Amino acid sequence: LDIGTTSMRGILFDSNGAMLDMEAVKTPLLIDKAEGRMEQRPEVYERGVTAICGSIASRASVDAISVTAFRSAPTLVNREGRALRNFIMWQDTRNSDICQRFARAEELVYSTCGASINTVFTVTKLIWMKENEPELYARAHKALIVPDYVIHLMTGEFATDRTYGSRTLLMDIRTLEWSREMCSLFGIGEEKLCELRDQGAVIGRVNRAFCEATGIAEGTPVVSAGGDQQLGALGLGVMDGTTIEVNSGTGSFVISLTDRPVLENPSVICNVAAIPGMYTQEMNVIASASALDWLIREYFPEHWGEQPDYAAVDRIAERTPPGANGLLVVPHFQGCGSRDWNPEARAHFAGFSLGTRRSDMVRALYEGIAAEIAKSIDMLPETCREATSIAVAGGLSRSQIYNRILCDMTGRTLVRHRNAQATAVGAFVSAAVALGLYPDCRSALEAARAGDEGEVLRPDPANARLYRDIKLRTERLYRAAHPDLKMTKTETEG
């Protein structure tokens with residue numbers, strides 16, 4: 001079960017990792033752009049999970065359920081596990097003032113939790129609830145994020161795994177337990193938090209109520225496989241520092257792995273990986289496919305509709321050579337992500353002339369997104385920057401021209417698998433090991449990826465100098481708009 005931000009999918013695998021069946025439902029959000037609020041109704045997840053599991057169970061025997069979901073959207077529940085309010089989604093920014101309030105503790109938080117204070121992570125959303133809905137918060141039994149809620153629906157357990165715990169700013173990244181110091185700092189009582197469990201392990205078993213609702217047998221094991229981005233990396237074969245994942249969907253996530261917590265740069269998020277004993281080094285770019293959708297909707301309306309014609313827009317972009325005829329894009333449509341955690345940043349198009357064409361705008365946007373990803377890779381720990389290949393997934397990875405630009409911009413071999421369901425493949429791998437079907441993750445992944453070695457691109461040296469220049473010039477544009485920020489040594493070296 002792969003629960004995404006605006007949809008969820010149930011994918012049936014056999015023990016060899018072959019995909020046999022799939023069900024999907026949309027989960028549109030409640031959005032108030034003026035207030036920076038994004039929420040989701042709990043019943044959307046209840047109905048979606050029940051419908052998907054029931055539909056698949058009507059056609060096949062289900063031996064286990066592996067759950068993965070996006071990572072930082074809390075609600076409050078009573079002792080029966082019923083939600084007392086909507087989920088506050090990870091994109092919601094109503095907590096930005098709270099983040100500013102704790103800026104003085106930035107160094108302590110990073111050294112303890114592996115991440116800087118930001119609007120995405122769970123704790124400041126809980127603080128917002130506590131301060132703005134005090135009666136609700138006081139009578140709540142637990143705070144649950146979406147995967148916790150779904151797992152409770154299935155099993156009755158109040159539990160979360162450590163990949164999600166590492167996204168709260170309340171878990172010590174070294175001890176892998178809730179930090180009393182962080183709970184005290186933020187004023188969140190540990191009694192409101194779920195019990196921490198290992199990722200990639202059976203977290204509970206299907207209870208009678210879920211059995212009756214779906215037809216999945218009571219007692220069926222439920223595995224908490226881990227957070228969606230951690231599972232996406234696993235499904236793409238990111239198991240050590242030799243490969244970097246770039247998952248370009250609504251936004252882009254850049255993930256590499258280390259065998260210990262590496263806390264060298266507060267811009268880099270250190271989380272618990274899907275593989276026990278490993279840690280992710282993560283960066284994000286907030287707007288990627290969402291920026292392309294904006295461009296198509298506003299400037300290529302003939303290719304916009306219920307299903308935008310991305311292939312047609314790519315053919316338009318191919319009319320423009322590398323460098324987009326001098327047009328530059330800084331793609332901070334919804335702020336700058338983990339490089340600066342700057343929610344005030346906005347996008348810039350620069351270099352227009354009377355000769356600028358629409359095709360230049362598409363190519364320049366792709367180059368701007370790829371440049372942001374390359375800058376993020378430049379900020380990873382040194383051992384991660386030595387990676388020679390990039391494994392790609394997400395909606396943008398279906399674009400050949402985007403993949404070519406990303407390959408050349410990063411100067412690394414790029415691999416794209418035919419099966420783009422990387423997160424679901426990772427969830428299969430996690431569960432297959434937990435259930436004893438395979439001795440380790442590598443063996444399970446080899447089974448799931450059999451016959452799908454992937455399409456391989458290698459960087460074109462002729463574009464290396466041009467793209468180094470685009471990286472530097474787009475960064476200067478961004479810094480010029482925010483003169484209080486200083487360029488790092490990595491950025492100035494270009």
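Reader: Which residues is Val285 in contact with, leaving aside its neighbours within four places in sequence?
Author: Those are Gly251, Ser252, Glu372, Ile373 and Ser376, where contact means heavy atoms within 4.5 Å. Keep in mind that this is a predicted model, in which local features need pLDDT of at least 70, side-chain atom pairs count only at pLDDT 80 or more, and totals for chains, interfaces and linings use all residues. Residues are numbered from 1 along each chain as its sequence is written, and side-chain values use heavy atoms, with hydrogens and water left out.

Reader: Thanks! Is Val285 buried or exposed?
Author: Val285 is buried, at a relative accessible area of 5%. Here buried means under 20% relative accessible area, exposed over 50%, and partly exposed in between (1.4 Å probe, protein chains only).

Reader: And which strand does Val285 lie in?
Author: Val285 belongs to strand β17, residues 279-285. Strands (E, at least two residues) and helices (H or I, at least four) are DSSP runs, numbered from the N terminus.

Reader: Switching to helices: at what angle do α13 and α18 cross?
Author: Roughly 85°, with the axes of α13 (residues 358-378) and α18 (residues 464-481) coming within 9 Å. The axes are lines fitted to C-alpha atoms, for helices over the stretch in contact, and angles run from 0 to 180 degrees between N-to-C directions. The two helices are therefore roughly perpendicular to each other; that label covers 65 to 115 degrees, while under 35 is roughly parallel, over 145 roughly antiparallel and the rest oblique.

Reader: Which residues make the contact of α13 with α18?
Author: From α13 there are Arg363, Glu367, Ala371, Glu372, Ala374, Lys375 and Asp378, and α18 brings Tyr467, Ile470, Lys471, Thr474 and Glu475.

Reader: Nice link. What about α4, how many of its residues are buried?
Author: 8 of the 11 residues in α4 (residues 122-132) are buried, so the helix is mostly covered. Among them are Leu126, Ile127, Trp128 and Met129.

Reader: Zooming out, how many helices and strands does the protein have?
Author: There are 19 helices and 22 strands. Of the 494 residues, 59% count as buried. The C-alpha atoms fill a box of roughly 65 × 50 × 45 Å along the principal axes.

Reader: One last thing: among contacts between residues at least 6 apart in sequence, what share join residues at least 24 apart?
Author: That share is 70%.
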